[in-house]
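Here's a quick walk through the fold, starting with the ground rules and ending with a few individual residues. Keep the viewer open as you read.

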Amino acid sequence: MRIAAVADIHLGEDLRGHYRKKIEGIERRADVLLVGGDLTRHGTIPEAQVVAEELSGLPIPVVAVLGNHDYHSDRNEEIIDLLRDAGITVLDDEGAVVPIDGVRLGVAGGKGFGGGFAGKCASEFGEPETKAFVRHTKEIAERWRRALKELDADHKIVLSHYSPVKDTLMGEPPEIYPFLGSYMLAEAADAEGADLFIHGHAHAGTEKGVTPGGIRVRNVALPVIKHAYTVYCLNGDHC
């Protein structure tokens, strides 16, 4: 199975039609397209409408999650509804099964959140704001764990905006790692198992990493992969 993936496409009204041209013929190279958040620049409805136009009606299924930019204008629920109405599967801390040539591909995930990584992470202690920050990630990770467990699929992928490991953040300033991902996202995936973990967000990061449990992690932020999308095989890596 060939998985096309990209994140951080940051579409706006001035780019209407541009991304669509870059993904023409994607069906000859991939069986599904996964988009790991930051679909827009400022999370506005006009920007989301451009995203819907660019990604809808493709010959292959499209599964997406939102990113932090898509939340900026507090229109995230409307954006999810708009994209779903356009035929795009949008995950909001849940899972979905995509049938592809008789094979059931399960995808679970959502935006994710931060907090840092083992040994250098925030803890649920102290001020209410700090506890709420960490608790938010814990709750997301638990929802992902349940979604993965409930997926009745032949293969499973986790799709996120934030990173589950610091491997794929290499190149970013270490000071901002806690705002780029959390080890709890990896724990959720490792607890239930997955074939691949796709994320974005870290524009200056590195493509490849691995969770403590051995799941391949791939940072597909557009500035990292430097193409409209990249393609991975579930039984290997780049196809």
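## Ground rules

A residue is called buried when its relative accessible area is under 20%, exposed when it is over 50%, and partly exposed in between, using a 1.4 Å probe and protein chains only.

What you're looking at is a predicted model, where local features need pLDDT of at least 70 and side-chain atom pairs count only at pLDDT 80 or more, while totals for chains, interfaces and linings use all residues. Numbering runs from 1 along each chain as its sequence is written, and side-chain values use heavy atoms, with hydrogens and water left out.

## The chain as a whole

The protein chain has six helices and 13 strands; these are DSSP runs numbered from the N terminus, with helices being H or I of at least four residues and strands being E of at least two. Its radius of gyration is 16 Å, close to the 18 Å that the globule rule gives for 239 residues, so the chain is as compact as a globular protein of that length. That radius is taken over C-alpha atoms, and the rule is 2.2 Å times the number of residues to the power 0.38. Along the principal axes, the C-alpha atoms fill a box of roughly 50 × 40 × 30 Å.

Of the 239 residues, 54% are buried. Contact here means heavy atoms within 4.5 Å. Looking at contacts with a separation of 6 or more, 71% come from residues 24 or more positions apart.

## One cavity

How many cavities of 30 Å³ or more does a search of the whole structure find? The search turns up one, and the volume of this largest cavity is about 30 Å³. A cavity is a set of points, on a 1 Å grid over the protein atoms alone, where a 1.4 Å probe fits but cannot get out; lining residues have an atom within 4 Å of a point. Grid points are joined across faces, edges and corners, and the volume is the space filled by probe spheres set on the points.

The lining is made of Val65, Leu66, Tyr71, Ile80, Val90, Leu91, Asp92 and Lys111. By class, that's six nonpolar, no polar and two charged residues. Nonpolar covers Ala, Val, Leu, Ile, Met, Phe, Trp, Tyr, Cys and Pro, charged covers Asp, Glu, Lys and Arg, and the others, Gly among them, are polar.

## Helix H2

Now to H2, which spans residues 45-55. Eight of its 11 residues are buried, so H2 is largely enclosed by the rest of the structure. The buried ones are Ile45, Glu47, Ala48, Val50, Val51, Ala52, Glu54 and Leu55. Their cover includes helices H1 (18-22) and H3 (76-85), along with strands S2 (32-36) and S3 (62-65).

Gln49 also sits in H2, but at 38% relative accessibility it counts as partly exposed. Its C-alpha is 16 Å from that of Val63, 14 residues away in sequence.

## Two positive phi values

His10 has a phi near 45 degrees, a positive value in a residue other than glycine. It belongs to the loop between strand S1 (2-6) and H1. Is His10 buried or exposed? With a relative accessible area of 15%, His10 is buried.

Lys226 isn't a glycine either, yet its phi is positive at about 60 degrees. Its loop runs between helix H6 (222-225) and strand S13 (230-233), and at 64% relative accessibility Lys226 counts as exposed.

## Strand residues and a loop

Thr230 is in S13 and is buried, at 9% relative accessible area. Leaving out residues up to four places away in sequence, Thr230 touches Ile3, Ala4, Ala5, Val220, Ile225 and His238. Lys208, in strand S11 (208-210), is partly exposed at 43%. Beyond its neighbours within four places in sequence, Lys208 contacts Asp167, Thr168, Val217, Arg218, Asp237 and His238.

Asp152 lies in the loop between helix H4 (128-150) and strand S9 (155-160), and counts as exposed at 52% relative accessibility. Apart from neighbours within four places in sequence, Asp152 is in contact with Val97 and Arg104.

Methods:
On a 1 Å grid over the protein atoms alone, a cavity is a set of points where a 1.4 Å probe fits but cannot get out, and a pocket is an open set with protein on both sides within 12 Å along at least five of seven lines; lining residues have an atom within 4 Å of a point.
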